[in-house]
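Have the structure open as you read.

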Amino acid sequence: NGSNNRCVACHTTCARCTGPDENECTSCTGDRSLHGNRCLANCPVSYFSRSNECVACHAECEDCTGEANTECTSCETPGLTYLHSSQCISSCPSQFYPENSSQTCEQCHSECQECDGATNSDCTQCS
């Protein structure tokens with residue numbers, strides 16, 4: 001502590017700090033990640049943990065496992081509604097259909113080239 005030249009213990013979640021409070025961390029203990037000078041058990045939405053720090057997801061991702069636009073786990077960017085192969089896209093590719101409740105592209109039945117559901121009776125174009 002700079003004001004009285006005494007050492008003060010960091011908050012229990014901090015490995016290093018500038019003061020004793022939980023919002024004065026500069027690095028974290030264990031598996032916690034630093035975000036806004038706090039050490040969190042889980043990074044907030046739109047961030048992922050890398051080397052004990054919360055890092056922002058790519059702007060196209062609502063949530064992610066890494067910072068590239070190919071590492072999304074959910075989407076919320078206007079116009080890039082559907083998650084397909086860990087990427088947010090505007091429309092599903094051939095042989096996939098948009099599952100609106102989960103905002104993902106799901107595989108069509110094997111007999112379908114194009115479809116609007118999972119069964120072979122949902123084909124809009126046959127294979």
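Let's start at serine 86, which sits in the loop joining strand S9 (82-84) to strand S10 (87-89). Strands here are DSSP runs of E with at least two residues, helices are runs of H or I with at least four residues, and both are numbered from the N terminus. Before going on, keep in mind that this is a predicted model: local features need pLDDT of at least 70, side-chain atom pairs count only at pLDDT 80 or more, and totals for chains, interfaces and linings use all residues. Residues are numbered from 1 along each chain as its sequence is written, and side-chain values use heavy atoms, with hydrogens and water left out.

Back to serine 86: its phi is positive, about 65°, even though it is not a glycine. Most residues other than glycine have a negative phi. Serine 86 is partly exposed, at a relative accessible area of 34%; buried would be under 20%, exposed over 50%, and partly exposed is in between (1.4 Å probe, protein chains only).

Glutamine 103 is also worth a look. Its phi is positive, about 55°, and it is not a glycine either. You'll find glutamine 103 in the loop between strand S11 (96-99) and strand S12 (104-107), partly exposed with 33% relative accessibility.

Now zoom out. The protein chain has 14 strands and zero helices. What does that do for the overall outline? The C-alpha trace spans about 80 × 25 × 20 Å along its principal axes. The radius of gyration is 22 Å, while a compact globule of 127 residues would come in near 14 Å (taken over C-alpha atoms, with the globule rule being 2.2 Å times the number of residues to the power 0.38). Of the 127 residues, 25% count as buried.

What about contacts, meaning heavy atoms within 4.5 Å? Take those between residues at least 6 apart in sequence: 3% of them join residues at least 24 apart.

Finally, head for cysteine 123, which lies in strand S14 (residues 123-126). Leaving aside residues up to four places away in sequence, cysteine 123 touches Glu111, Cys112, Glu114 and Cys115. Serine 110 is 13 residues away from cysteine 123 along the chain, and the C-alpha atoms of the two are separated by 9.7 Å.

Key. Contact means heavy atoms within 4.5 Å.
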